[in-house]
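Student: I've got this one open on my screen. Can you walk me through it?

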Amino acid sequence: MSRELVRLPALRAAWNRFWFAPASPENLACCRLLFYGGLLYFFGTRDFSALAGVDAVFWKPIWLFRLVGLPKPSAEVLKVVQTVWRFSLAASCVGFLTRLATGVSFVFGSFLLGLLYCFGGSGHSKSIVVFAMGSLALSRCGAVLSVDRWIRARRGEPRPGPSGEYCWPIRLVWVAMTFAFFGAGVSKVRHAGLGWVTTDRLAVYLVRSNYPLVRDSNAPMNDWGLWLARHREICRALAAGTLFVELGFPLALLSRRLRPILVSSAFLMQVGITVVMGPDFDVFIWSYLFWVPWDRVKERVLGRVGDPGLSPEPVVRGSVSSPP
Amino acid sequence: MRDLPPAAGRLGSFDGAVADPPAKPRRIVIYAALLVLVGGSLVAIVRDDPYGKELWPFSAYPMYSQPMRGWSAGPHRLFGVLRDDPTREIPLIAGAYLYPIEHTRYYIALARIERQKDRDAALEAALRDTLARYELRRIAGLHNGPPLRGIRLYALKWRLDTSAHNRDRPDERKLLYEVSTP
């Protein structure tokens, strides 16, 4: 039955269009540039080697580390790994030896971010980085707006045109973010049911955030959470809205009309949580850049919509024959 | 090479355009990555592991869905005993005091240590390590905290209030463990 479904031409065409619709290489390249630039900003000065000095009593390796048999690393090893990671992030950002740089970024980055979870676990904001780095490492994100492209242009190689190769890596990050929101929604329904909306649950969380010794995260930016907690109907409306956005987020993958509404709602929800409750979503918030059609933004900013003839280099449409 | 619609040069992606899938070997790699992401995420959602026990990087993202105690809270928190005045204590919640483990992770790790079979020995090691790192970083000028002579772990209890007037005064405070410098 399912095999027949997959063979349905319309479904198959829709599946292929979702993953492999011809897309501009600029869009993916902008994501690469901004994403790795952001990672450098967030992690460029973080000293992972300090973790080596923490007593073994705190060490509880995650399943990946246990599977590979990785011991608690020494400070020397961590210094080397984090230095290589920083260089690979910089190279990925500017698109120099992009395939190698993004691959190293993914492997070393996963190791270092995974290491944080070996000392207490928790925190979800950084998981999305692993999926985005993995997606970009498999992609051809260095095709344009890169040092690699500059070198190829000097050799006289034509500029690649739109291709499905520049679509799927972004969609993969969309799917990862969708699981984050949908999972959060399912978790609320599973543990609290409709009580998440109909009780004072959100009000209690808002109040807890204003108790420095009770809260589990950063301090909120203000005490507006206390005001909200005193207005239970607003809290319940916000709780319902949160559940609606989280459980409905998969529709952002399917509907072009709902996509901007759901994605901007989720963004505002996370910013709101940071403002009144404190948790810092740092790199997760940064990952919203994958939802922005950067090529269209660029063209609108430059006022070039409808004038593709301004491209400074010869374009080979659909060519993906020379991966960077 | 596939002919693409004219709009292909302008838009980021084209839900209405003809798809341009790569060759089969490449598609297999892409679908394998997708399978890992979807499979891992589904397993994590079904398992629904609590904070700190997730199948990282996969997770059920249990944001604000943990069991609640209503309008009360009972965290376990560390306090530093001032070297110059042992009657005074400061809460050890600032990131700079617990570095390099972040606040949330630190207290999740401490909760795990409290549940261990060798609880007392493990707590002794954890609190001594925390005190030693605090002092090393203080001497190095990496934070502005006062000198400490010891660390105490308390179980605190609050009746939460929407004005948070009692935010610095727990209703109950029970000493669970203590370490001090020799």
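Tutor: One term before we start. Helices here are DSSP runs of H or I with at least four residues, strands are runs of E with at least two, and the numbering starts at the N terminus. Also, this is a predicted model.

Student: Fine. Then where does B:Pro100 sit?
Tutor: B:Pro100 is in the loop of chain B between helix 2 (95-98) and helix 3. The peptide bond joining B:Tyr99 to B:Pro100 is cis, with omega about 10°.

Student: And the bond from B:Trp56 to B:Pro57, cis or trans?
Tutor: Cis, with omega near 5°. B:Pro57 belongs to the loop between helix 1 and strand 1 (72-73) of chain B.

Student: Is B:Tyr64 buried or exposed?
Tutor: Buried, because B:Tyr64 has 21 C-beta neighbours inside 10 Å and the cut-off is 20 or more.

Student: Switching to chain A. How many helices and strands?
Tutor: Chain A has 17 helices and two strands. Its C-alpha trace spans about 65 × 50 × 50 Å along the principal axes. Of its 324 residues, 46% count as buried.

Student: And contacts between residues at least 6 apart in chain A: what share join residues at least 24 apart in sequence?
Tutor: That share is 77%.

Student: Which residues touch the most other members of the largest nonpolar core?
Tutor: A:Val173, A:Ala176 and A:Leu206, in a core of 126 residues. Helix 9 (residues 168-192) of chain A gives the most to this core, 13 residues.

Student: What is A:Leu206 in contact with, leaving aside neighbours within four places in sequence?
Tutor: A:Gly225, A:Leu228, A:Ala229, A:Cys235, A:Val276 and A:Met277.

Student: Now helix 5 of chain A. How many residues has it, and what does it reach from first C-alpha to last?
Tutor: Helix 5 (residues 75-94) has 20 residues and reaches 29 Å. That is close to the 28 Å expected at 1.5 Å a residue.

Student: Which residues of helix 5 of chain A are buried?
Tutor: A:Gln82, A:Trp85, A:Ser88, A:Leu89, A:Ala91, A:Ser92 and A:Cys93.

Student: And what covers those buried residues of helix 5?
Tutor: The cover includes helix 3 (25-43) and helix 6 (98-117) of chain A.

Student: What follows helix 5 of chain A?
Tutor: A:Gly95, with a positive phi near 75°. A:Leu97 has a positive phi too, near 50°, and it is a residue other than glycine. A:Leu97 is in the loop between helix 5 and helix 6 of chain A.

Student: Why does A:Leu97 count as partly exposed?
Tutor: Because A:Leu97 has 19 other C-beta atoms within 10 Å, and a residue needs 20 or more to be buried.

Student: Domains next. How is chain A divided?
Tutor: Into domain 1 (23-149 + 159-166) and domain 2 (170-289). Their C-alpha centres lie 26 Å apart.

Student: How many residues of domain 1 of chain A are in contact with domain 2?
Tutor: 15 residues of domain 1, in contact with 13 residues of domain 2. On the domain 1 side, helix 3 and helix 7 (127-138) of chain A are the elements that give two or more residues. Helix 3 has the largest share, seven residues. That side divides into ten nonpolar, four polar and one charged.

Student: What does the domain assignment of chain B give?
Tutor: Domain 1 (21-67) and domain 2 (72-180). The C-alpha centres of these chain B domains lie 35 Å apart.

Student: Last topic. How many residues does the contact take from chain A and chain B?
Tutor: 79 residues from chain A and 71 residues from chain B. On the chain B side, helix 1 (24-47), helix 3 (103-115), helix 4 (119-139) and strand 4 (148-159) each supply at least two residues. Helix 1 of chain B has the largest share, nine residues.

Student: And how do the residues on that side of chain B divide?
Tutor: Into 47 nonpolar, eleven polar and 13 charged.

Definitions and conventions. Residues numbered from 1 in each chain as written. Chains lettered and ligands numbered in written order. Predicted model: local features only at pLDDT ≥ 70, side-chain atom pairs only at ≥ 80, totals over all residues. Core = buried A, V, L, I, M, F, W, Y, C linked by C-beta atoms within 7 Å. Buried ≥ 20, exposed ≤ 12 C-beta atoms within 10 Å, placed from the backbone. Contact = placed C-beta atoms within 7 Å. Nonpolar A, V, L, I, M, F, W, Y, C, P; charged D, E, K, R; others polar. Expected span 1.5 Å × (residues − 1). Domains from an automatic or database assignment.
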